[in-house]
Amino acid sequence: MLEKVRFKNFKSFAEETLIDFAPGRITYLSDTNIEDGLLKGIGFYGSNASGKTNALFSITLLLDLLFKDLAVLGPDSFSLFSAEKKMAFEYSFRFGEDRIVYSFEFTKGRGFTEETLFLNGKIVLERTLTSAKSRITENPDFDSIEPMSLFLRSIYFNTRFAGQKALAEWFTYLQNSIFFNPIRTYFSLVYFDKKKDQEVFLEPYLAKHGTEPINAFFKEHGFPFTISYDRPKAGDPLAMAVPFQARLLARRENMAPVPFYMESMGLQMLLGFLPAYLSVIEKGGILAIDEFSSGLHNDLEELLVSYFFRHAKKAQLVFVSHSTNLLKTSLLRPDQVYSVEFGDRGSYLNKFSQYGLRESQNMEKMYLSGAFGGLPCYEDKQR
């Protein structure tokens with residue numbers, strides 16, 4: 001699982017910034033919110049335009065560059081608050097006894113200029129400009145590497161890390177990861193394994209799994225409805241002509257069923273999100289959610305966070321939210337929350353646990369009082 005992300009000169013973050021999944025000395029919620037010595041999730045809080053999403057992007061960037069065909073680092077990826085021409089990233093992961101540290105640097109006008117991979121303290125891949133040495137391939141020396149692409153991506157797609165169990169496990173974890181933003185790309189998910197359609201999109205998920213997993217989740221938590229799905233029969237042109245959103249129904253007691261397209265935006269978003277959510281909980285990976293507070297009731301948000309921590313195995317939740325109700329010591333530990341502030345040198349992070357909170361203290365009230373930063377500074381002049 002992800003242990004640390006260290007980056008510099010990326011978007012609104014000019015200074016070196018650390019996102020740390022190593023737990024502090026806090027003892028509560030250890031049974032549910034920690035696995036194998038690492039936090040199962042982290043939340044980012046702050047005012048609008050403070051850089052919360054950019055903090056999240058520092059994590060999903062690795063997934064984009066490794067798996068998406070058209071992902072590139074361009075001039076808009078560099079911080080506007082720095083004159084430096086070099087951007088740097090370092091990602092640390094732990095899987096049981098195996099530790100993986102992967103880093104790269106990207107320079108304006110030159111592309112990827114450095115790239116290193118350490119496995120259990122030993123360097124197994126080292127790149128400088130367009131040349132590289134590798135200890136995980138038959139050929140140890142490489143030249144004429146594409147400057148705008150990560151060399152590790154090329155090695156993976158050519159070898160699938162045959163014979164490298166730890167690296168293969170790492171990439172399976174990364175490929176199971178999913179990014180979701182309900183506002184910018186409504187009802188759209190970004191996933192990093194092209195074979196995952198049946199796990200992340202609602203219609204193929206229902207065609208493969210039926211409604212049972214989602215309805216079981218609804219029943220377990222007392223939702224006042226279930227869903228039904230009328231799968232069209234092969235060879236029936238009339239049935240095939242009925243759109244998916246008319247064949248998916250929400251059913252409530254003593255009420256006529258409601259087609260999916262007529263349901264509230266909040267319920268549509270929840271149903272569109274649940275396949276990806278349940279898939280990451282079951283198979284592992286990172287579930288990255290931007291604007292988590294959009295369209296969901298506060299109690300439902302709390303349920304989704306709590307359920308994830310209680311049931312996820314080898315999975316981590318990273319989210320951006322304005323919902324301060326999640327800042328409860330019954331849900332999150334102070335070492336799982338960062339406030340994001342914006343100053344003269346761009347964005348920077350404050351970890352709540354650096355203030356020495358106790359379990360009895362009200363983290364939400366302290367945040368709203370300004371104890372951790374990350375609050376807007378505007379005010380109503382007419383008041």
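Predicted model: local features only at pLDDT ≥ 70, side-chain atom pairs only at ≥ 80, totals over all residues.
1. Leaving out residues up to four places away in sequence, Leu150 touches Leu65, Leu66, Tyr102, Phe104, Phe112, Glu115 and Arg127. The C-alpha atoms of Leu150 and Pro257 are separated by 50 Å, although these residues stand 107 residues apart along the chain.

2. From the C-alpha atom of Leu70 to that of Phe223, 153 residues apart along the chain, the separation is 41 Å.

3. Turning to the strands, the model contains an open sheet of 8 strands, arranged in the order S2-S1-S6-S7-S8-S9-S10-S11 and paired in the antiparallel sense. Its edge strands are S2 (17–20) and S11 (141–142), each of which pairs on one side only.

4. Strand S6 (residues 86–95) and strand S7 (residues 98–107) are antiparallel and share 10 bridges, and Met87 has Phe106 in S7 as its bridge partner. S7 is then joined to S8 by 8 bridges, again in the antiparallel sense, with Phe104 partnered by Glu115 in S8; both Phe104 and Glu115 are among the residues that Leu150 touches. S8 and S9 also run antiparallel, joined by 6 bridges, and here Phe118 stands opposite Ile123 in S9.

5. The turns between these strands deserve a careful look. The hairpin of S7 and S8 has 3 residues between the strands, and in it Gly109 takes a positive phi near 80°. The hairpin of S8 and S9 has 2 residues between its strands, and Asn120 in that turn has a positive phi of about 55°. As for S8 itself, it is largely enclosed by the rest of the structure, because 7 of its 9 residues are buried.

6. Helix H4 lies across S1 (2–8), S6, S7 and S8, and its direction is at about 110° to S6.

7. Helix H4 (residues 165–175) also packs with helix H2 (residues 52–67), at an angle of about 105° and with the axes 10 Å apart. That angle makes H2 roughly perpendicular to H4, because angles of 65 to 115 degrees are counted in that way. Leu63, Leu66 and Phe67 of H2 meet Phe171, Leu174 and Gln175 of H4, and the residues of this contact divide into 5 nonpolar, 1 polar and no charged.

8. The largest nonpolar core has 61 residues, and those with the most contacts inside it are Ile19, Phe44, Phe93, Phe104, Leu117 and Trp170. Helix H2 gives the most to this core, with 9 residues. Trp170, neighbours within four places in sequence aside, is in contact with Phe93, Phe95, Ile100, Tyr102, Leu117 and Leu152. A second, separate core of 54 residues includes Phe217, Val280, Val305 and Ala312. In soluble globular proteins, nonpolar side chains tend to be buried together.

9. Another pair of helices, H6 (residues 202–209) and H7 (residues 212–220), packs at an angle of about 95° with axes 9 Å apart, which means that H6 is roughly perpendicular to H7. The contact involves Leu202, Tyr205, Leu206 and His209 of H6, together with Glu212, Pro213 and Ile214 of H7. These contact residues divide into 5 nonpolar, 1 polar and 1 charged.

10. Finally, there is an open sheet of 3 strands, in the order S14-S15-S16 and with antiparallel pairing. Strands S14 (225–229) and S16 (258–259) are its edges, each pairing on one side only. S15 (residues 248–252) is joined to the antiparallel S16 by 2 bridges, and Ala250 has Val258 in S16 as its bridge partner.

Definitions and conventions
Residues numbered from 1 in each chain as written. Heavy atoms only, no water. Axes fitted to C-alpha atoms, helices over the stretch in contact; angles between N-to-C directions. Helix = DSSP H or I, 4+ residues; strand = E, 2+ residues; numbered from the N terminus. Parallel < 35°, antiparallel > 145°, perpendicular 65-115°, else oblique. Contact = heavy atoms within 4.5 Å. Nonpolar A, V, L, I, M, F, W, Y, C, P; charged D, E, K, R; others polar. Pairing = 2+ DSSP bridges. Core = buried A, V, L, I, M, F, W, Y, C linked by side-chain atoms within 4.5 Å. Buried < 20%, exposed > 50% of the residue type's maximum accessible area, 1.4 Å probe, protein only.
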